[in-house]
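Me: Could you walk me through how to read a few features of a protein model? I would like the general idea and then the case at hand.

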Amino acid sequence: MATFFLSKSHKPIMHILKSNNNILKLGVINYSSSVNNSLFSPHLLDKIPRPPLLNDAVFSRIKGFDGFSRCFATVSSGRGSHTAVSFSDEVDQLSTEAPLQQELNFPGGKVKFTPKKIFTSGSNDERTQCYRVLNENGELLVDSDSLKYREPGVLLWRGFTLQEFANQLFGNKYDQGKGRQMPIHYGSKKLNYITVSSTVATQIPHAVGAAYSMKMEKKDACTITYFGDGGSSTGDFHAGLNFSAVREAPVIFFCRNNGWAISTPINDQLRSDGIVVRGKGYGIPSIRVDGNDALAIYSAVYEARKMAIEKQTPVLIEALTYRAGHHSTSDDSTKYRPADEIEWWRDGQNPVKRFRTWIENNGWWSDQVESEHRSNIRKQLSQAIQAAERVDKPPVADLFSDVYDVPPTNLNEQEASLREHIKKHAQEYPSNIAVIQELPVEAPSLQILDFPGGKVKFTKNLTFTSNSTEERVHCYRVLDDNGQPFSDVDSLEADFHAAMNFAAVMEVPVIFFCRNNGWAISTPVNEQFRSDGVVVKGKAYGVPSIRIDGNDALAIYNAVSEARKMAIKEQTPVLIEALTYRAGHHTTSDDSTRYRSTEEIERWRGDQNPVKRFRTWIESRGWWDDATESEYRSSIRKQVAQVIQVAERIEKPPVADMFNDVYDVPPTNLNEQEGFVQKTVKKHRQDYPSDVPL
């Protein structure tokens, strides 16, 4: 696990990759500018010192390597252009006599190789289409299937009464949350509605856990969790989607993309095409729907539920809607968006108005019914509020119950202290708080929507993206298994999520280099995620990405060199997935033969050995032989032995070094810890190295 800052490379590989001018010469698409476009400029090479591990004889043999020319193609991006690099047909110097392996049987499925160094684009030019049933006039789209800002409507539909809503808002003793929650943080065990929380996206892993529980209990049911576009930027989103995909949990992720996370517009939150493309990144079937179209939402959720239960799979739904109101009573959204924009959405895209038009056209609604309905609801609300106001507050004891079977002493002390405080300052509290514990009581007119982040096309087809990885992303390589140049043929932590998304949005010049070695200790890669490896996640975050052969030194060098150029020139993050293999054990305490076959390990050690492959290539160029190998190994062994002997003779750092370099002025507790360690070392001197200075 390491992070590197890539400045001008001084690595030994750079010196090895200096070539004769006729090796791997590649043309430039724009021939008018095909002046010397070599990978390494001569003036830069002259400034680079000889690697300390290569002697003069070896270095002089390698020094002639001049590098590779480039073949550039440009792919458009929402924030600029990213350079995609590929080989031209001018590869006449490449040896194609040796048999070539065209695909690699890598954990998770077969991966095809390609000599084309092509980065995926972060472009959002052609955005994912948006499913809808009703147009903005409340008319059914031709040939269409006829058939929650905070989702209280879901709870109301499930049977939560207006009186129960009022009881929760007033926090009286009939509130099912016992007055311990903020207003509108509803919940109902009876109706399978998990209590709402203000913390962004915490409900996502809860929903996944509940769904996985249903799966284990073989229940014919699924969970659904609602969150906003801002919630998709959290670590819980990443963990929840990846876990559900790997464990095949029947859960529906419903994202309300309303264009704004308080005052942050969607294009300042992410660089990918909204939220829907992230489903592909996790191997989850996904769909984008018109969030202002009631029938489209119903139809999509209905189909998603069916899919989740029957196929035991998570499903992601992105609903494109708009927050026409302010975020809260303390927010004035006209300070960060024009009033005209708000009015356009309120009028032209009003979901209630559109749905009402449709049911009126079907003869199911009228102005008279509307008037009677509104009058009736107002009366019910007024009665529920008056009744809730008259009910006493929950007893103080409810603040301390429902956590421990037997409350600990400190909690009992807190309860007693609070009771005493309320009695002493009764005038500061509502008169109805029980201090003494009580008993529990058809022609579409809008085909394109100008949504924040870019225009989105509508479609009448209810089509989910596929989580299939049958056709996996191709893998760039230069050398084949025999060390021969490859011919031109057609071709998981919350920190990862947070860093990738932040880098994309803020256009940070960073290279994410993922070593996909097939195993996370004893967990194979296909049990870590259901998507096609890591490279597809780049598209999900709007990050240029490429998959390379991690056992091919030249492919790695080329990809990193180009990624560095792209990151600096275009101020963009780049993702590289290197397919390699951990041939050894994970640690000295690990025996990998317990969870994978020795035949598999030996195959990778033999056929895919990167050192063997690279050595074959430099030997074929006359830059290496057995005598040089022997001389080199002998020299390195001597150097290693010498540095070890020198290191052993040097004293250990002083104890004080354990406690410095963090605080300018160490806090008291750290000084106390240091004093304790000093005293312990002195007292048990025989148990510590004699050269530890106190």
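**Reading the surface, a helix and some rings**

Reply: Let's start with Ile644, which is partly exposed because its relative accessibility is 46%; buried means under 20% relative accessible area, exposed over 50%, and partly exposed in between (1.4 Å probe, protein chains only). This is a predicted model, in which local features need pLDDT of at least 70 and side-chain atom pairs count only at pLDDT 80 or more, while totals for chains, interfaces and linings use all residues. Residues are numbered from 1 along each chain as its sequence is written, and side-chain values use heavy atoms, with hydrogens and water left out.

Me: Where is Ile644 found, and what does it form with Val640 and Val643?

Reply: Ile644 sits in helix H19, residues 626–649 (helices are DSSP runs of H or I with at least four residues, strands are E runs of at least two, numbered from the N terminus). With Val640 and Val643 it forms a nonpolar surface patch of about 250 Å² accessible area together.

Me: How many helices and strands does the protein have, and what share of its residues is buried?

Reply: There are 20 helices and 19 strands, and 41% of the 694 residues are buried.

Me: How do I read the sides of a helix?

Reply: An α-helix has 3.6 residues a turn, so residues three or four places apart point the same way. Now take H18, residues 610–620, whose buried residues are Arg613, Phe614, Trp617 and Ile618. Seen down the axis of H18, these fall within an arc of 130 degrees, so they line one face of the helix; the arc is that of the directions from the helix axis to the C-beta atoms. The face turned away from that buried side carries the exposed residues Val611 and Lys612.

Me: Which residue caps the N-terminal end of H18, and what follows the helix?

Reply: Asn609 is the cap, with a side-chain oxygen 3.0 Å from the backbone nitrogen of Val611. After H18 comes Gly622, with a positive phi near 80 degrees.

Me: And how do I read aromatic pairs?

Reply: A pair of aromatic rings is described by the distance of the centres and the angle of the planes. Rings of Phe, Tyr and Trp (its six-membered ring) pair if their centres lie within 6.5 Å; planes under 30 degrees apart count as stacked, over 60 as edge-to-face and the rest as tilted. By this rule there are 19 aromatic pairs. Trp358 and Trp364 are edge-to-face, because their ring centres are 5.3 Å apart and their planes at 90 degrees.

Me: Are these two tryptophans, Trp358 and Trp364, buried or exposed?

Reply: Trp358 counts as buried at 11% relative accessibility, whereas Trp364 is exposed at 54% relative accessible area.

How values were computed. Patch = residues over 30% accessible without salt bridge, like charges linked within 9 Å, V, L, I, M, F, W, Y side chains within 5 Å. Areas by Shrake-Rupley, 256 points an atom, 1.4 Å probe, with all protein chains shown as cover. Salt bridge = Lys/Arg side-chain N within 4 Å of Asp/Glu carboxyl O. Polar contact = N/O pair within 3.5 Å; in protein donor to acceptor, adjacent residues only side chain to side chain.
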